[in-house]
Every structure is written in structure tokens, then in C-alpha cells.
Amino acid sequence: MAKTIIEPFKIKSVEPIKFTSPEYRGRVLKEAHYNLFLLKAEDVLIDFLTDSGTAAMSSKQWAALMDGDESYAGSRSFFTFEKVVKDLTGLRHIIPTHQGRAAEKILFTVAGGKGKVIPNNTHFDTTRANAEFSGCIAVDLPVQVALETDAFADFKGDMDLNRLEDLVKRTGREKIPFCMITVTNNSVGGQPVSMKNIREAKLLLDKFDIPLILDACRFAENAFFIKLREPGYREKSVREIAREMFSYADGCTMSAKKDALVNIGGFLALNDEALAEKARSLLIMTEGFPTYGGLAGRDLDAMAQGLVEVLDEDYLKYRIRSIEYFGEKLLKEGVPVLVPTGGHAVFLDARRFLPNIPSSSYPGQSIAVELYIEGGIRSVEIGSVMFGKEAGGEFQAAQLELVRLAVPRRVYTQSHIDFAAELIIEVFKRRENIPGYKITYEPPYLRHFTAHFEPVLS
Ligand code: F0G
């Protein structure tokens, strides 16, 4: 039997990508002030900026779009969607939203608020921003090994339950309206959370009567890692594993732009009726009527179909293997990669890649710029540009200096990955000649999206 794992699909529709020269890319990136968010997407050859909203839909999803019911209230599409989500999660109240952060905004508005504390294995930036905007204190409790980019462990996405217990005891149950667990844990490398960790977190939280909410946007990738790595799950279907994960949750927020394989969509699901009622009232003010929640009816059909397709184990095998394959190619040539590779992206460790560039000169930004100029690859810095601070004029580095290459679902083939790996290796070989960067303009919040940079030439 051949060992190669192939893309489990045929391609029915294609979108050309534009080839440009290094000189052209150097010019447009300079015009974009060396910020890859400010480029025109058509000037990018392979776009690894995010795996969010960038999936290729299947022919069945496109067909489902045509079948969408655009009724304002009581749309058939809603009931199709609701049934799929209820069957998957077992949760009672399903509230569609236009994307994940809209579900977060509603949840934190109805259940968060001033002085409350929200634990999470690691908050994604929009989750943290929504928590803090409502007045909450967002506390990240990753396991220690998550911060060691060269340490192999099966479930680096886990939450540190000792620290959780300690936090609950110190803070007091009444200040913690709910606890979140993010699957997979995006911010520490798309690393999976074990079933054991979710189950034990739930047992602990039950003692204090604190609900558990999953940030579920990559739930299928997480479930597949459990099948591969956790004792007792090899014989179970990914669907059964996903159902068990959700069985420990009292609710979830979902960005459907990841594991529901759509370009837009999300939902909030809750068991608590009173809370769901409050959420629906707010939904009507901000998103739309509860049977469409900020989406077209057809988007609900596409989500429903995507949530079925994502649990196909041939798809998940290909998905997880293609990220692992990308990472292996780089590791073989000594490129420092966060290990093991996670579910949706390869992360380069910029501190080890460019040891001569201090955090204050943004080594992750340097790599992201070089990858674009070398070959038109767009990645994203997740380091001191994104999380560093100037506290009282003093530079404070981020905990990790990473460059994320997030792989859109079902979009690129193995030769795109081979090409990208070759380019990254080329850049790694000439790493001695790469400059650091300085920020010449930054807005007061979320500076990475719009900041301007200039190379620091020594
Ligand atoms: N939670 C996690 C773990 C995420 O990764 C994201 C988005 C969200 C919530 C918010 O969902 O974008 O639909 O509003 N992550 C994208 C990324 C943007 O590039 O990692 P959204």
C-alpha cells in the first residue's frame, strides 16, 4: 500500500495566484510600511496569514447555499443548522452569530462585567479583548511546558488545573461567572487539549458550581489529536470524541470560520435557559433575529454541511498530516519550529531563528518580511509586535517570539507546502544578513494591524 496521504478531494474550481518578482514585492512592502496586514492580498502568492474564513467550501456546501431559506423569521436553514449543532454538542440553546467574536461579545456582556475573573487555558486576543472590555480580568493558565517551544508533549494545550484551583480559591467563586477552555489552544501553537484535562477541569469546576464554556473553533482538530494520542480513544470515532468533549461543557463559543469550513459564521450555545434568553435579547439588538443572527440563511446551511464534513476522518488525517509534513521539512534542515506541530499552523521560533536580533527589534517581524520578499509568502508575527509593551518608556518583550504560518483548509496542495518550506529554508540559510525592525507609527490599541515599520540597518 502506498504510504503517501493525499488530499481527499478533487478540485472543481480554481483561483489563479499572481507571480511577482522580489523587486516588485520589496517595493509594495515598503509602500505598506513593512506591515503585511497592509498589503493587497492579490500581491501575495501563498497566504498563510490565517486559517480563519479562508477554507475552500465543498460542492455540497455550495449546493447548500443555493438551497438557503432567506426568511427573516423561522427560516428552514436555521432548523437544519440547529439540528446539526445540537446533535454535535448536545447543548440546548443554539444562537447563531456572524463570527466567533460576536458570540464572545454577547457572552461577556450577559455574563461578564466589572470585577469578574475569567480563567482560560489561553485567551485568544479577541476573547481577551471582549472579556476586558466588559470589565473582566482575563487570566491565562497554560501548562508550563506550553512555553517551551522545543519540548515535545502530547497535550501542550492543556490548562494548569492546580493554578485553576488556586485561582478559584483565592478569587472566590462568586467572582468567576464561568471558565473557558480553548480547543485547540491557538495562542500556544494550535496545541491540543486532552480529554482528561477537560474532564478534570469540569469535575473541579463542578465543586464550585462554575460553568465551563469551550472556545470550540478548532474542536475537530482537537478531537482528532485525542484519537491519535490519548489512551482509550483510538477505537472511538472523532464524532464520538467531539461529543464527549462537548458533554463536559455548559456552553460554547464558536468561530465557524475554522472547523465549520465556511468563510463567515459562528454561534453561541448554552444550556442555561435564563442566560440564553438574555443572549437572544442582545442578539436581536446587535446581530439579528435569533433564527439568522447576523448571517444570511444560506450561510447557516453551509455551516451545517461544513460541521458534518469536518468530522470525516480522511479529511482530518490529511489536515493534521499536512501541517506535520510542513514542520518536518523545516526541522530536517534545522529551522527552529515549535514542536510538536499543532492543528492549524506551523510556528517558527524567531528567537532561535534570529538569535542576534533582540526582541526590541522584532525578530518575528524580520522573518515575516523576508518570507514575503523571498517568495510572496504571507505569515504573521505573534511576538513582541503583537504582545510587547512600552511600560513607562521601558520595552517589555512578549513571552514568545513566533511567526505563524496558518494553513487554510482544503486550499493549498502538497506542492504549495513544498515550495513554502524551500523558501523558508532559503531565508534560514541567509539569516545572518537579516535586519531587525523598529516601529515608526503605532495606534493606541491592537497595533500589529496598522503599525508602520522600518528596517534597523547597522
Ligand atoms: N477564538 C479563537 C481560539 C480564535 O482563534 C479566533 C479567531 C476567535 C476565537 C475569534 O473568531 O475571528 O470568527 O471572530 N482566530 C483567527 C486567527 C482570527 O487568525 O487565529 P472570529
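Buried means under 20% relative accessible area, exposed means over 50%, and partly exposed covers what lies in between, all with a 1.4 Å probe and protein chains only. The legends below describe a predicted model, in which local features need pLDDT of at least 70 and side-chain atom pairs count only at pLDDT 80 or more, while totals for chains, interfaces and linings use all residues. Residues are numbered from 1 along each chain as its sequence is written, and side-chain values use heavy atoms, with hydrogens and water left out.

View 1. The closest N and O atoms of aspartate 140 and arginine 128 are 3.2 Å apart, where a salt bridge is a side-chain nitrogen of Lys or Arg within 4 Å of a carboxyl oxygen of Asp or Glu. Aspartate 140 is partly exposed, with a relative accessible area of 26%, and arginine 128 is partly exposed, with a value of 26%.

**View 2. Arginine 218 and aspartate 51 form a salt bridge within a network of charged residues.** The closest N and O atoms of this pair are 2.9 Å apart. Because arginine 218 lies in the loop between β6 (212-215) and α8 (219-229) and aspartate 51 in the loop between β1 and α2, the pair ties together parts that are 167 residues apart in sequence. Arginine 218 counts as buried at 2% relative accessibility, and aspartate 51 is buried with a relative accessible area of 0%. Through shared partners, salt bridges join Asp51, Arg218, Glu221, Asp259, Arg319 and Arg409 into one network. A search of the whole structure finds 30 salt bridges.

**View 3. Lysine 18 meets aspartate 43 in a salt bridge.** The N to O distance between the two side chains is 2.9 Å. Lysine 18 belongs to the segment before α1 (22-31) and aspartate 43 to the loop between α1 and β1 (46-47), so that distant parts of the chain, 25 residues apart, are linked. Lysine 18 counts as partly exposed at 32% relative accessibility, whereas aspartate 43 is buried at 5%.

**View 4. Tyrosine 72 and tyrosine 292 form an edge-to-face pair.** Rings of Phe, Tyr and Trp (its six-membered ring) pair if their centres lie within 6.5 Å, with planes under 30 degrees apart counting as stacked, over 60 as edge-to-face and the rest as tilted; by this rule the count comes to 15 aromatic pairs. The ring centres of tyrosine 72 and tyrosine 292 are 5.1 Å apart and the planes stand at 70 degrees, so the pair is edge-to-face. Tyrosine 72 sits in the loop between α2 (59-66) and α3 (76-89) and tyrosine 292 in the loop between α10 (273-286) and α11 (297-309), a link between distant parts of the chain, 220 residues apart. Tyrosine 72 counts as exposed at 56% relative accessibility, while tyrosine 292 counts as buried at 18%.

**View 5. Tyrosine 362 and phenylalanine 395 form an aromatic pair that is edge-to-face.** The rings lie 6.1 Å centre to centre, with 80 degrees between the planes. Tyrosine 362 is in the loop between α13 (350-353) and α14 (363-375), and phenylalanine 395 is in strand β13 (residues 394-396), 33 residues apart. Tyrosine 362 is buried, with a relative accessible area of 4%, and phenylalanine 395 is partly exposed, with 26%.

**View 6. Domain 1 and domain 2 meet at an interface with six salt bridges.** The domain assignment, whose bounds come from an automatic or database source, gives domain 1 (22-51 + 312-456) and domain 2 (59-309). The C-alpha centres of the two domains lie 27 Å apart, and the contact (heavy atoms within 4.5 Å) takes 27 residues from domain 1 and 31 residues from domain 2. The area buried between the domains, that is, the accessible area (1.4 Å probe) that two parts lose on being put together, summed over both, is about 2500 Å², of which carbon and sulfur atoms give 58%.

Notes
Helix = DSSP H or I, 4+ residues; strand = E, 2+ residues; numbered from the N terminus.
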